[in-house]
Structure formats: structure tokens, C-alpha cells
Amino acid sequence: MATEVANAPSHHEEPDPNENYLKAGRGIWSWMTTLDHKRIGVMYLVAVILAFFMGGMFALLIRLELLTPGRTIMGAATYNRVFTLHGAIMVFLFIIPSIPAALGNFVLPIMLGAKDVAFPRLNLMSFYVYVVGAVFCLFSIVSGAIDTGWTFYTPYSTTSSSSVVSMTLGVFILGFSSILTGLNFIVTIHKLRAPGMHWRRLPLFIWGMYATSIMQVLATPVLAITLALLAMEKLLGLGIFDASLGGDPVLFQHFFWFYSHPAVYIMIVPGMAVVSELFATFSRRAVFGYFAIAMSSLGLALLGFLVWGHHMFTSGQSEFATMVFSGLTMLVAIPSGVKTFNWTATLYKGSIWLTTPMLYALAFLVQFAIGGLTGLFLGVLSIDIHLHDTYFVVAHFHYVMMGGTVMGFVGGLLYWWPKITGKLYNETAAKVSFGFVFAGFNAVFIAQFIMGSRGMPRRYYDYVPEFRPYHAFSTYGSWILAVGFFILAGVLIQSLRKGAKAPPNPWGSAGFEWNTASPPIFSNFAETPVITRGPYDYHEATEEELFDGFPEDFKKTES
Amino acid sequence: MNSTDLMKQLPAQWSTFGPGFDWLFYFLYWMSVILFVGIIGTAVYFVVKYRRRPGVKAEPTGHNLVMELAWTVAPVVLLVMLFHWGFSGYISLTSPPPDALDIRVRARKWSWDFEYPNGGHSQNDVTVPLNRPVRFVMSSEDVIHSMFVPAFRVKRDAVPGMYSTLWFQATHTGDTRFYCAEYCGAADEPVTQADGSARETGHFSMGGLVHIVPQSAWAGYLESILRAPSHADGREFTPAEWGEQLYTQQNCNTCHSVNGTPMTGPTWQHLFGQQVPLADGTRVLADENFIRRSILEPNAQVVQGFGPIMPSYQGSLTDRQLDAIIAYIRTLR
């Protein structure tokens, strides 16, 4: 019987289940030992925002160094460390946990009508595993940092004198955090759905999390094994990848991308998941082609495992393998296209409310379209040979990762912000920050597409004068982008300090997570909800369910 | 450079792969522009047309199976076409003609060595004949590097422990730049050059020029790399003069000074004829054999105070070039 959903675990000090989760238990200790998915989500949120800030600072340093040819602010060896840390922090500490572990942890059980995730203790443990992994990464930074690029290619990484082992150990540990979160979500989605929440009624955010979790559980162990082999070769002289010991350097690339290509979808599918929610809420109608979007997430998860070789078209893998990987890579365009078309069709005959989260969703659509279409260039074999390892690739994956996932993350953060904090934020100021982010982001990376296809290789400390205008333009863009994020930080801090109290459903959404108070009570719902409609059925939802004010005011409008 | 040049997507194309590549690239480019404008234009139109208005409700979402199937299946046709064009281009990139001229390419941190069919070598810059297929047979002595010639639209990794090949046929005489495209690190410290200025070396500095010469000049070039160069008046370089030229051509100057300053390696000033202290505590006389061995097997006898980091020049210098370098060092006594 589904009413037995996730019994709040026995705890030395049982909080009042009907108390606001932020007030149920006080003091730092009540946070550090909490088993509440909402508080764990908030702790993740703080952690990933710190990581984003750190990775962003490294990004600004990279752009500043590249403002002029030759030395601008740092030497070549330092530059190599800075771009490696930017990549490693953004990928492993920010973007992979960003939407699933931070927003997903908070929202997923509430959307399902559950009291918590299936394994609350495992959930807390995965957070601490993340912290331990992060500590190893930080240790690597202070003990000389790492200069291999976030891809750790052998034999460069096995011969580099920088602190490769502590960073790979950190990433190894972070992987377990990712696996545990994925496992927890899969079980939660299977076992803890409220009565009436059958698969065809699952919010698309949940479908996205489900696809992501499957990839996390299946792919991450391969990364762990790869990094373990790398560390063993470095420490014990085992000949796995070293050609002089009978190993194969290209084998590392196969292993690495066998994880890291699915990881690309671990990063983008959650962004798509958030955006699907935003399009529905702010168009006031169900997402067009619900089933197609749900299945395309699973389709991407499956294809994600079959295309790793497209990172290696110039590496010397066999021509036959190259052909197969190119063909399979082309297929990725289909589920991506389906999603894009369906989101656009969702707008048709909607009632579109241009809030800041919706602007982020539209920015996602624009930038994901560019990221996806430029992905086609890279899938076409002869074209990729020229573009491989140039700034074109850098621009392409930033359009997907940052232009896609980060837009989804910020959009989702603003969308669920009133639910998480119980506070409203200043929409006008948030829109101003969006303007800077959108303009700055596109300025940074449009310039990189052009210089890339003109032959500017990536990971270059210095460049020929021909590329100077593009690098300068890109650097100016990075400053606009930074201003946007600082304004956003100001908006959120202002909201926390002085924001107006948020009603349960400030956006008037039909989604189930808005059926509870803002912030939610400790046990999410006073009683287990019974689901009688889909999450986007605006025409079936009652006026009261869609009311965007406080419940007591609704009763006044009734009388 | 004017502003229209700045917006051009591709550099000049100088190989037989160029026209086909550029056609397919611009096809993709314009196809993407049309699709992008179509999708985003529609979305923007909807956002404006169906913006929130008081009293107007959204229509419940219906189904349209035909449309959904159409936009799932239609891209497949396009994708098959793109795959086919890309794959045929790739096949020609990987199928050098049997009569291609082989040049053996060795990559190492952070320089390239090119060995020509007659045994001659050039460092960092490479010279190739016009209108003749050229095949690079590449390997790496340390980490993975990658040969990238943007004007030829070719790229291929040089991997330790295996050979990889790349071919092209140049269609234009002149100089064009090539790069290392696979990240391979940088020196920890900038190298102080003989003139006192600091130079950073690494992945980004590992490139040079491809000189494309007419076929009529090719035989002459091949011959010239085997013998001592000549002065403008036709008089051949003396061995010491040639050695002085090789000192910079072969990048000896990035680690060895000739003015007594110790750099990454020991100075060459007052080296010849001295008793040199070695890392193992013994001393050795710096004679012709010691210098020859230090160039060919640099780590056999490492001078005290320096690390065993010099790459071997075995195979990249001819005997006459070794003699010339030794002759030059002798003049620095």
C-alpha cells in the first residue's frame, strides 16, 4: 500500500511532521545529521553554487589571460592548471550534481507525493561522499594543482608531475556520490509514487531524472575503474596505458569516454527535464508530445552509451569503428530534435507568461538549438577532422552544457526558489540579470565558433595575431556574463534577507509540488496525496489548485 | 583584415580536400541557419502571439500523431545524406594514393622532426612539393600530439607506440601554419634565451610552417638539407658557421647558452677540452666523442647539476651536421 511511503526515519529528536522543514530542528547539528531530502537538497545547492563560483572564477582567469597574445597575467604552466581546474570543477563538482542532487533531491519526492527518498540515510551519505571527494579535489589544487585537462589523457597524465593522483582520487570518490544518488532516485521513482501517480502521469522532470539516474548507475563505475587503473599505472608502474610497458594510450580514451559521453547526457538530460516543467507551467498547458519527450530522454540515455568513439575520430582508432560511431552519433539528433519541436509546439495556443524562469527556458531552447546543430558538424566525419580539438568544439559543448544545462539549472532554481526558501524574489532585477547572462554568454562563445572553424586549436596559452579580435571579443563577453551572475546573486541574497513571503503556488502551476506549503512542511504533505490527474492538466485542475495567492485569500474570493 | 574577413568561417583552402570540405561545411552552415531561424522564429512568434492576456485561457494540448511522426522521420533522411557525405570525405582522407611521397614525422614535447626520403631532416618547419600527394608517417616520442594543418583541412594524432598517417596534396605554393592539436603541456618555467628574453614553450608553441614549393624546386630542396648551406656569394659555410646555424635551427639555444649562463642545460662556452664533473661524481674530458655521445645519447653522461631531460637527436642529425656542431663548440673555447 503506497500510503506507507518512506516513513520518516526514526531520529533522536523527531521533528514535528507539520512544521516548516527549515524550522523543524534548529542549529548546525540538526542540518548535518538531517535525513530530510529537502535539507540535503539545500546543502547540495549551497555546495554546487560554491563550486560554480569557483569554476567561474577560473573561467574569468582563462579569458583574461587570452585577452592578448603572449603573457597577459600568468605563465603557461599556470594557465594549464587554471583551464584544467575550470573544467574539472565545473564538470565533477558543479554540473553533474547541480540539477539531480540539488534541485532533484528537493523536488523529486514532493512531485511523487512521497515523504522522502527511498533511502534517506544513503542520501545523506552521498552528500558526505561528495564533500570528501571535493576535499580531495581542493587538496589537489593547493598541492600544486593539476595540468592534464579534465580529460586526464594518458600518457600525459601518467608522466605529469602535477598532483594528478589526488585529483583523480577526488573524482573517483565523487563518482560514488553520483552513483548513490542515482540508485536512490531509481528506487524512489519505482516504489514511492503516491496513489494514482502512475507512469503516464509522471512529471517530465521525473522522467528526466529517471533517465539520468540509470546513466549514473551504469556509467560512473567505468570512470572509477579507469581512474583506478590510471592511479595504479602512475603509482605502481602497471602497464595498462603506457606503450613502453606494452599498454595502449588510446585505450584510456576508450575507457574515459565510455563514461564521459554518457556523462554529457547526465549533464544535459536534467536541463531538458527542468525546461519541460517550465514550458508547461508558463504556457499553462500540457507539454506537447508528453510521451515522446519522456521516451526521448530514455533514448538519449541509451544512445549516450553507444557514441563514445566520436571523441576519437583523429586518434587512430580503426576506420570501421569511426564509421559506426559517426552513424550512431547522427541518431542523437533525432531525440534532440523531437524535444525541441515538442517544446516549440507547447507554446502554440498557450497563455505564455514571460517570467524569468520562462526566459531561461526560452534561452535554453535558443542555445540548445545552436549547440545541437553545431553538434551535427562534429558528427559528420570529414568535417570533424578539421574541427576536432579546436575552439569550435569548445563553443559547441559550452552551448550545450552552459547554454543548456546551466540555463535549466538557473531557470529551475528561480522557479522552485519560492518553494525552497518560502520567499519571493525581485522579478525585474532577475530579468535584468538574465539580459546580461544571455548577451554575455552568446558573445563569449559565438566568437569561439568562428575562430575554431578558422583553425584556432583549443587549450592554447598563446595564439597568432590573426585570432586576436575573436579572443578579445570573447573576453569582453565573459565580463558581461559575470556581471549578469553577480546581479543574480544579489537578487537571491536580497530575497533571502528581505523577500516577501511566498504563497504555496506563486506561479499558479498545476504541478504537484505546488500543492504543499512554501516552504514545505517537514513531511511534505499533511496526508498522503491521491493523484487524480496529470501534472500538466490545466483544464482538469480546480481554481483552488491553480490559485497563486495564499489559501486564506482564495477562501475570501469564494465567499 | 577587414570586417567581412573576420566573419568568414573558414581559412583559405590549399589542398585537394579543400573544395569538397568547404562545400559540405557551408551546406551544413546554411542548413543550420535555416533550421534555427525556422524553429526559433516559430517559437518567438508563438511567444508574442499567445502571450498571457486577461480572460484568455490556454487551449488544452491535443495530439497530432502525423506531425510527431513527420518530425521524427524527416530528419533521418537528412542525417543519412550527411553521414554519407561525411563518410566519403573521410575515406578519401584516410586513403593516400600509392605513389605518395613519404615524410617521416616524429613529435616530441614541444617540437616536430621531419625526415625526408633521402635521410635529410628539418625541424619545426616542413617543406613539401606542390601538386604531389604527400604522406606523413607519424609517431610520438613521449605523449600524444596531433598534426593539424587548417589550410589542408587535415588532422591526425601522433601516438606513442604506434604509427599514424595523414596525407594531402597541396594546391598552392607559399607558407601556411600547422599546429599541435592534442594538449601536451608546457615547460614549468619560461626558458631564458641567449638574448636574455624569456620564452614560454609548450603545446601552444609546438607548430611551424608548411613551405609548399613548386616541383621544380623540390629536388634542389632535398639536396640542400644534406649539405652545408651557402653564403649569398655562393661560398659554402665553414663547418663552424654551419654549426652556429644549426645551434638555433635545432633549438639547442633553448637550453644551452654560448655566453656562460647556465640554462636548462650546461653552457657551451669554454666547454671543449675541459674536465666536466658528471652527476655520478666522476669527471670526463669534453672531447669530440663526449659531445657526440651527449647529443645522441644525452642521458648516458649527465653533467652535474642538470637533469636527464634532453631528448636524443639520434637519427635527426647527419654525421656532417654533428661534425659542424662540434666544430662550432670548439670555437667557443
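1. Lining of the largest cavity, by helix. In this predicted model, three helices of chain A each supply at least two residues of the lining of the largest cavity: H3 (76–112), H6 (164–191) and H7 (204–236). The largest share comes from H6(A), which gives six residues.

2. The largest cavity holds about 140 Å³ of space. It is lined by 15 residues, and those closest to its centre are Phe92(A), Ile96(A), Pro97(A), Leu174(A) and Ser178(A). By number, Phe92(A), Ile96(A) and Pro97(A) fall within H3 (76–112), while Leu174(A) and Ser178(A) fall within H6 (164–191).

3. Ten of the lining residues of the largest cavity are nonpolar and five are polar, with no charged residue.

4. Cavities overall. Searching the whole structure gives four cavities of 30 Å³ or more.

5. Which residues line the second largest cavity? Chain A contributes Thr148(A), Tyr153(A), Thr154(A), Pro155(A), Tyr156(A) and Arg459(A), and chain B contributes Val143(B), Ile144(B), Glu182(B) and Tyr183(B). The lining of this cavity therefore draws on both chains, with a residue counted as lining when it has an atom within 4 Å of a cavity point.

6. Six residues of the lining of the second largest cavity are nonpolar, two are polar and two are charged. Arg459(A) and Glu182(B) are in this lining, and arginine and glutamate both belong to the charged class.

7. Extent of the interface. Contact between the chains involves 88 residues of chain A and 79 residues of chain B. The area buried between chain A and chain B is about 7,300 Å², and carbon and sulfur atoms give 69% of that area.

8. How many salt bridges are counted between chain A and chain B? The count is one. Lys349(A) pairs with Glu59(B), and the closest N and O atoms are 4.0 Å apart. The salt-bridge cut-off is within 4 Å, a point to keep in mind when reading this pair. Between chain A and chain B there are also 18 residue pairs in polar contact, both residues being at pLDDT 80 or more.

9. The chain A side. Helix H11 (residues 333–347) of chain A gives the most to the side of chain A that touches chain B, with nine residues. That side divides into 47 nonpolar, 28 polar and 13 charged residues.

Notes:
Residues are numbered from 1 along each chain as its sequence is written. Chains are lettered from A and ligands numbered from 1 in the order in which they are written. This is a predicted model: local features need pLDDT of at least 70, side-chain atom pairs count only at pLDDT 80 or more; totals for chains, interfaces and linings use all residues. Side-chain values use heavy atoms; hydrogens and water are left out. On a 1 Å grid over the protein atoms alone, a cavity is a set of points where a 1.4 Å probe fits but cannot get out, and a pocket is an open set with protein on both sides within 12 Å along at least five of seven lines; lining residues have an atom within 4 Å of a point. Grid points are joined across faces, edges and corners, and a volume is the space filled by probe spheres set on the points. Helices (H or I, at least four residues) and strands (E, at least two) are DSSP runs, numbered from the N terminus. Contact means heavy atoms within 4.5 Å. Buried area is the accessible area (1.4 Å probe) that two parts lose on being put together, summed over both. A salt bridge is a side-chain nitrogen of Lys or Arg within 4 Å of a carboxyl oxygen of Asp or Glu. A polar contact is a pair of N or O atoms within 3.5 Å; within protein, one must be able to donate a hydrogen and the other to accept it, and residues adjacent in sequence count only if both atoms are side-chain atoms.
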